[in-house]
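Here is a friendly walk through one protein model, written for someone who would like to know where to look first. Please keep the viewer open as you read.

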Amino acid sequence: MDVLAPAAPSAPAEVVYREILERSGSGVFQSTAEGRFIFVNAALARICGYASPEEMKAAVTDIRNQLYVLPQQYDDYLREMEASDEAPGQEVQIYRKDGTRLWAQIRARAVRGEDGRTLYYEGTLEDVTARRQTQARLERSARQLTALSQMGLAVTSSLDQTIVLNRVLDEILNLLNVDSVAVLLLEGEQLVMAAVGGSGTVSLIGRRMPVGAGVAGEVVRTGRSVLIQDEAGQARLYRPLEQFTVYEAQSLLAAPLKLQGEVIGVIEVVHEAPASFLQDDVQMLEAAASWAALAIGNARQHARLERRLQESEALSVISQALNETHDLDAILKMIVDAARQIIPKVERAVIHLLDEDAQTLRSAAYSSDEPLSRSELAMRPGEGVAGRVLAEGIPINVGDIRTDPRYLPSGSHHNMHSLLVAPVQSGERRLGTISVQSAEPHAFSSDDQQLLRTLGLQAALAIENARLLAAESRARHDAEVLGEISTILSSTLDYERVLDQLLEQVNRLVPSDMAELMLVEGNLYARTVRQRGYEKFGEEVVRAVGAMALDITATPRLRHMTETGQPLVIPDVRADPGWLPRAAMIHIGSWVGAPIVVQNQGVIAFFSLEKLESGYYTAEHGHRLAAFAGQASLAIQNARLYANLERALRHEKSMRAQLVQSEKLAAMGRLVASVAHELNNPLQAIQNSLYLVSQENELTPQAREDLQVALTEADRMAALISRLRETYRPATAEQFRYESLNSIIEEVQKLISTHLRHNNVHFSFEPDPRLPKVPGLRDQLKQVILNLCLNAVEAMPRGGELRLRTEHLPKQGEVLVTISDTGEGIDPVDLRNIFEPFFTTKEGGTGLGLFITHEIIQRHQGRVEVESQVGHGATFRVWLPVTRTEMSHTDPGAQFDAKSINQWC
């Protein structure tokens with residue numbers, strides 16, 4: 001079937017259809033469930049950056065991982081399409097050929113065959129990158145307007161230092177009509193640009209200068225205002241900062257910011273023209289400086305109080321969490337979030353914990369807008385700032401990491417400057433570090449250092465509590481799980497079910513991404529009999545794992561477990577020299593295995609568990625898996641013993657059933673011969689009477705046609721009775737002729753049309769015009785169709801619909817006849833017995849109709865199945881071969897060729 005033309009259009013129509021798709025401005029595609037493109041039009045190839053559809057189909061062989069930026073979105077969309085005929089559109093990011101990303105809107109559906117199974121997926125793809133970018137810009141503008149509105153409201157009531165300073169600078173710009181204005185605050189041995197006003201001065205924010213440099217340094221040193229008006233005073237100016245502004249100062253006025261008699265900073269105003277200030281301007285600036293200093297003091301006091309309150313609340317919440325929950329990950333995340341929230345200017349907070357086995361500092365929690373780099377995820381003790389803090393147990397405050405040799409560059413986050421690290425320490429035991437970073441140089445104070453150390457103590461307490469609880473909880477949990485698993489495994493003795501349960505239950509005790517159960521064959525090979533988790537890598541990997549048979553002596557890990565009888569753990573398979581890589585296991589990072597040992601038999605099976613991440617499995621996992629393997633050994637032994645016993649019982653039952661069936665068939669043969677003899681005389685009388693009536697000349701055409709049907713059926717009955725006399729003489733291959741099932745069904749329809757009309761049953765037939773003829777005995781095939789149709793009519797006492805359909809199955813070399821009704825259905829309890837002789841649910845029935853039908857179908861080397869739901873009708877399906885193979889004369893079906901008598905239905 002052409003996947004581009006589900007409705008099977010003619011060749012010209014298909015060409016037009018393809019041309020429409022090729023010329024469409026939208027991307028159009030069809031793809032398989034395995035993630036390969038069947039069809040791609042030129043628009044889609046162009047959108048994705050490929051020169052032609054052929055290039056794109058050849059290049060993209062895994063849509064999920066090659067095209068989707070987030071592969072999980074592909075999985076989710078497939079599930080939506082399988083759940084409904086039309087899945088809603090999705091907007092996702094996809095990769096172009098050159099690796100760039102674009103936003104795409106995809107609308108697709110699952111195309112299904114007549115049996116309801118998905119054939120392929122088809123849909124369209126639109127490039128909506130421009131719309132998404134416009135939307136992002138609009139949203140960003142809206143956020144900016146909202147922020148500006150909020151800042152405007154805060155100006156009248158806020159105690160925030162930055163807001164207060166900006167208000168002061170705006171007033172000074174208006175009153176003094178200067179080009180720029182700046183506030184420099186004293187921080188240790190430096191003056192920092194805390195706020196600036198005037199165009200072209202924003203880049204000055206955060207710039208630093210030595211506390212004794214320039215006019216500002218003079219003001220700090222003397223505590224008095226300074227005015228520079230002429231060329232002689234130009235030499236006193238600190239020029240390096242002018243590279244960050246558009247102005248070159250010719251006139252400068254600076255006044256001290258004093259709080260309780262102590263200089264805390266300087267306020268400067270600048271003119272590009274010389275001699276721009278009056279003496280009154282000095283007084284004006286000093287007055288403004290007084291108000292600014294007071295505002296700064298109030299803001300700082302408010303900030304300190306607010307900081308203390310935040311610290312108390314955060315520490316209280318963390319302390320409460322330590323008492324109420326033992327979720328270590330949640331508590332550590334709470335701690336880093338608190339550090340980022342309370343300490344000003346923090347942009348990233350991270351807790352690293354010491355992995356004592358690997359002697360590595362590994363990231364345990366972080367709070368940041370960006371993910372950690374690879375080097376920040378794991379560090380060595382003694383290396384870098386965090387490594388030194390762990391080794392020495394003393395906090396380290398780095399004002400600028402770019403100039404500090406102790407800092408190891410991470411290769412990312414180049415905008416970071418300040419770093420503060422404190423130990424996570426319980427008594428003398430150092431468990432890790434907690435660190436914060438800021439984009440501003442010298443961002444952290446001694447107060448910040450003390451708070452971070454306190455948070456480190458809280459983290460240490462949480463870790464110790466969690467470890468104690470985890471050890472106790474794990475021991476209790478393991479015991480409970482092993483008990484539950486033992487109950488589950490002992491609840492069934494079915495061997496296959498036991499194998500399923502083993503692989504299902506082991507994950508409760510030892511987590512894994514992939515798992516295998518391998519049985520030992522002949523003490524030489526371990527063959528995979530159950531697997532889980534490989535589906536994510538595709539059918540090829542699943543098949544490879546399923547077909548895996550490892551030579552135990554040539555596989556180091558299996559040989560080791562066989563020789564020792566003990567579990568084996570490989571934390572990092574890539575670092576293990578004895579690991580033998582296989583194509584089906586290239587994704588494995590960490591592995592644990594355990595042998596299943598039976599006394600006096602040795603190793604009979606292996607568990608093999610894998611994790612994608614390296615370093616996951618530890619010796620503890622090996623101990624748990626060994627404990628589970630002990631229970632698995634007992635379950636397998638019991639299941640094997642039960643399977644052997646059950647096999648013996650089934651053999652005995654089968655022999656008994658064959659004896660009973662033989663007796664039934666023998667009795668039935670004798671009964672058939674007797675009835676055939678008794679039916680012959682009245683049937684001859686009927687034939688003679690019908691012949692005489694057929695000689696009448698006044699019969700209408702319809703009457704003559706009906707009479708001909710009666711004569712034909714009487715002749716067929718005579719032939720049946722004739723064959724009944726030769727009950728034990730089977731039909732030979734020469735008697736089989738190639739017959740048209742479509743024509744046989746049409747004859748049956750004519751035969752029962754009156755019966756259908758009287759019972760208010762609507763008959764419909766969908767013949768397959770390409771249906772080939774099948775080898776068979778026409779009368780017997782007709783009898784099969786007639787029996788099933790009459791049974792269907794009887795199942796619809798209040799009327800209904802009888803549907804017949806024929807279908808050619810070339811791959812199977814068979815034809816299929818489907819007979820469905822809308823009747824009362826068959827009770828599930830009766831379904832297993834309906835083809836047994838003498839079984840009936842009808843009053844006065846003989847229980848031979850379906851038995852005879854089944855025998856005829858078997859004699860024709862076919863098969864029959866039935867599906868039914870009480871109250872929703874029944875469907876019989878009959879498969880007959882297109883070619884016939886010669887059957888042995890010992891075939892039981894060959895001994896009952898004449899059993900198909902309609903009167904026995």
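The report below begins with the whole chain and then visits a few places in it.

## The model as a whole

This is a predicted model, in which local features need pLDDT of at least 70, side-chain atom pairs count only at pLDDT 80 or more, and totals for chains, interfaces and linings use all residues. Residues are numbered from 1 along each chain as its sequence is written, and side-chain values use heavy atoms, with hydrogens and water left out.

The secondary structure comes to 22 helices and 30 strands; these are DSSP runs numbered from the N terminus, with helices being H or I of at least four residues and strands E of at least two. Of the 905 residues, 43% count as buried, where buried means under 20% relative accessible area, exposed over 50% and partly exposed in between (1.4 Å probe, protein chains only). Among contacts with a separation of 6 or more, 60% are between residues 24 or more positions apart; a contact means heavy atoms within 4.5 Å.

## A cavity and its lining

How many cavities of 30 Å³ or more does a search of the whole structure find? There are four. A cavity here is a set of points, on a 1 Å grid over the protein atoms alone, where a 1.4 Å probe fits but cannot get out, and lining residues have an atom within 4 Å of a point. Grid points are joined across faces, edges and corners, and the volume is the space filled by probe spheres set on the points.

The second largest cavity holds about 160 Å³. Its lining has 16 residues, with Phe-29, Ile-63, Tyr-68, Tyr-74 and Ile-106 nearest the centre. Helix α5 (71–83) gives the most, four residues, while β1 (27–31), β4 (101–112) and β5 (118–127) each supply at least two. By class, the lining has 14 nonpolar, two polar and no charged residues (Ala, Val, Leu, Ile, Met, Phe, Trp, Tyr, Cys and Pro count as nonpolar, Asp, Glu, Lys and Arg as charged, and the others, Gly among them, as polar).

Strand β1 runs antiparallel to β2 (residues 37–40), joined by three bridges; two strands pair if DSSP finds at least two bridges between them. Phe-29, which lies by the cavity centre, has Val-40 in β2 as its bridge partner. Five residues separate the strands of this hairpin, and Gly-35 in the turn has a positive phi of about 95°.

Strand β3 (residues 90–95) is joined to β4 by six antiparallel bridges, with Ile-94 opposite Leu-102.

In α8 (residues 214–222), the buried residues are Val-215, Ala-216, Gly-217, Val-219 and Val-220. Their cover includes β7 (190–197) and β10 (251–259). Gly-223 follows α8, with a positive phi near 75°.

In α16 (residues 556–564), Arg-557, Leu-558 and Met-561 are buried. Seen down the axis of α16, its buried residues fall within an arc of 100° (taken from the directions from the helix axis to the C-beta atoms), so they line one face of the helix. Just after α16, Gly-565 has a positive phi of about 70°.

Ser-276 sits in the loop between β11 (262–271) and α9 (279–324). Is Ser-276 buried or partly exposed? Its relative accessible area is 25%, so Ser-276 is partly exposed. Beyond residues up to four places away in sequence, Ser-276 touches Gln-229, Ser-251, His-271 and Asp-281.

Methods:
1 Å grid on protein atoms, 1.4 Å probe; cavity = no way out; pocket = protein on both sides within 12 Å on 5 of 7 lines; lining within 4 Å.
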